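Please look over the structure below. My notes follow it.

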Amino acid sequence: MLSVKNDISTLIISICSEYGNDKTRLLDILRKVQDSFGYIPDESFAIIAREVSSYRVEVQSVASFYSFITKEKKGKFTIKLCNDIIDQFLGVAKIAKIFEDELGIKFGETTPDEIFSLEYVACIGMSDQSPAAIINDLIFTKLSSDQAREIISGLKQTHDLSQIAHHLGDGNNAHPLIKSMVNNQIRKTGEVVLGKYHKSAALNNVISLSPAEVIREIKASRLRGRGGAGFPTGMKWEFARNAPGDRKTIICNADEGEPGTFKDRVILTERADMVFEGMTIGAYAVGAETGILYLRAEYSYLKNYLEAVLTSRREANLLGNDIIGKKGFNFDIRIQMGAGSYVCGEETSLISSCEGFRGDPKNRPPFPAQKGYLGTPTSVNNVETFCCVVQIINRGPAWFASIGTKGSPGTKLLSVCGDCSTPGIYEVPFGITIEELLKFSGAADTQAVQVGGPSGFLIAPAEFKRKVCYDDLVTGGSIMIFNKTRSILEIVEYFVDFFIDESCGYCTPCRVGNVLLKDKLKKIMNGFGEKGDIEYLQKLGNNIQTSSRCGLGQTSPRPILSSIDGFRSEYEKLLKVRKDGFAPSFDINAALGLSEKIIGRKSVIFEE
Ligand code: SF4
């Protein structure tokens, strides 16, 4: 890291110039400035604005949107401890206390010597090996109390992260360009994504077809997007291909920020070539020359490896001009790093982020297939979707459609975590029941399963025969298992808090509505719930769903609404019903506390 006193201006000018003084690369510029100084010095904003022909306030606005970009000076080592609900249940509080005790600071603070900072993050994609933390770009998993102490003492002695990274994970996690302590934890391989893969065979087949024929094959397979929305991929590509415009774009959404999801982490580690091959096939079908892999900031430990895969593909003429000798087939891919924002998983937000803006969602229409990245017709597809494309071309649409169910052909990678003995990745045919999944993963005494992460549904045992597929339980991959020792309302509260934090704030139903949901939920949890409070939650939840602008707000009340459906008694048992008819909507003792202190005498409260 450089001292701020060094010539900030020269360095920032050279960073901007490295990105062609291009305003659309603002996120990359800000990330690089932060990498150089450890934070964004205040002086930087005006310099960047001048270099990229923007305004200081605009640059500041972008920087302030992303949680991994900071204007505050941080320590040399920033420990970002994951505190999602799975980590909370698996003991993150104990690990947090050790970090605080060893460093003498609280979370949100930096040590006076500016060596350590402590922060919480929402989910780092390691829920199968919790508790977990990121220190700078290095991931630490399955943290024990002893390890937490060793990390701090090791860093205090050596000031070198590589010295305290001991065991390496399995598969490509041990690759010299990754060297992470992460394990893939692949528990079940299917035929599509984690089955046999012959590099470039599909791409070689594709160039003997016309783009229209490729789209026809994908449509015949009935492939639907694996991110959760389930839009037919062939149709999406056709819209982008037919949209007017010479320049088109293919984007791979690798921003899996849904707590409890980590399947893309494993795909990118073990099937990077397959993902890039799928993108190249998509580019051929759509007529795109530009490709972007949007990689979530939490997975930056994979970036060097992914860049190396891209380089080797360029060297093999699998990217670049006249790909594998096909005249005019030109396509290349760049990696766009995210910077810590859940809403950027929404495709229009992700496009805004790639364009160097805040990750605010855009109004639709126009849809990205008509007017997306920099105004070009754009297809945004999930990491897993691109892998499916490769196998469809290799083995034919009929083979693919024969797996799974009629409405949901193919396999699905599920990220299973929580109260089970074998958390990890399961590639299963669509149509698997929750009951079967619980059996595979060694779950016992299960009280509830959250399907689809916070934006999904909390389901009760009576529904465990339901199927994972687009016609029943839809999920982008997240399956969180909770046993009978867990508090349902605590789980729901975590999800509501998550949405309050992640809302971009643009529209009132989402920005304000979720806070009101939280207030009412808290009132019930604190034992002051009234008869009408459950109906209030349902009514408000429905309003938020129907009046929010983007998918985040539209799905945010689901944990509350589905838990009322499946676990109504958990709410009802906390409601207070007095014989005198008065509603105890607040804690009168606590409310009178301050005045009692001032006047020096106790109030008399008549209990029921
Ligand atoms: Fe932003 Fe929420 Fe509105 Fe989406 S629904 S635009 S996240 S405030």
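The points below cover a sheet, the helices on it and a helix pair.

1. This is a predicted model, in which local features need pLDDT of at least 70, side-chain atom pairs count only at pLDDT 80 or more, and totals for chains, interfaces and linings use all residues. Residues are numbered from 1 along each chain as its sequence is written, and side-chain values use heavy atoms, without hydrogens and water.

2. Strands (E, at least two residues) and helices (H or I, at least four) are DSSP runs, numbered from the N terminus. Two strands pair if DSSP finds at least two bridges between them.

3. Strand 10 (residues 411–418) pairs with strand 11 (residues 424–429) in the antiparallel sense, over six bridges. L413 has E427 of strand 11 as its bridge partner.

4. Angles run from 0 to 180 degrees between N-to-C directions, and axes are lines fitted to C-alpha atoms, for helices over the stretch in contact.

5. Which way do helix 13 and helix 16 lie to each other? They are roughly perpendicular, a term for angles of 65 to 115 degrees. The axes of helix 13 (residues 272–286) and helix 16 (residues 383–395) cross at roughly 75° and come within 8 Å. Contact means heavy atoms within 4.5 Å. Among the contact residues are M274 and I281 of helix 13 and F386 and I393 of helix 16.

Conventions: Angles under 35 degrees count as roughly parallel, over 145 as roughly antiparallel, 65 to 115 as roughly perpendicular and the rest as oblique.
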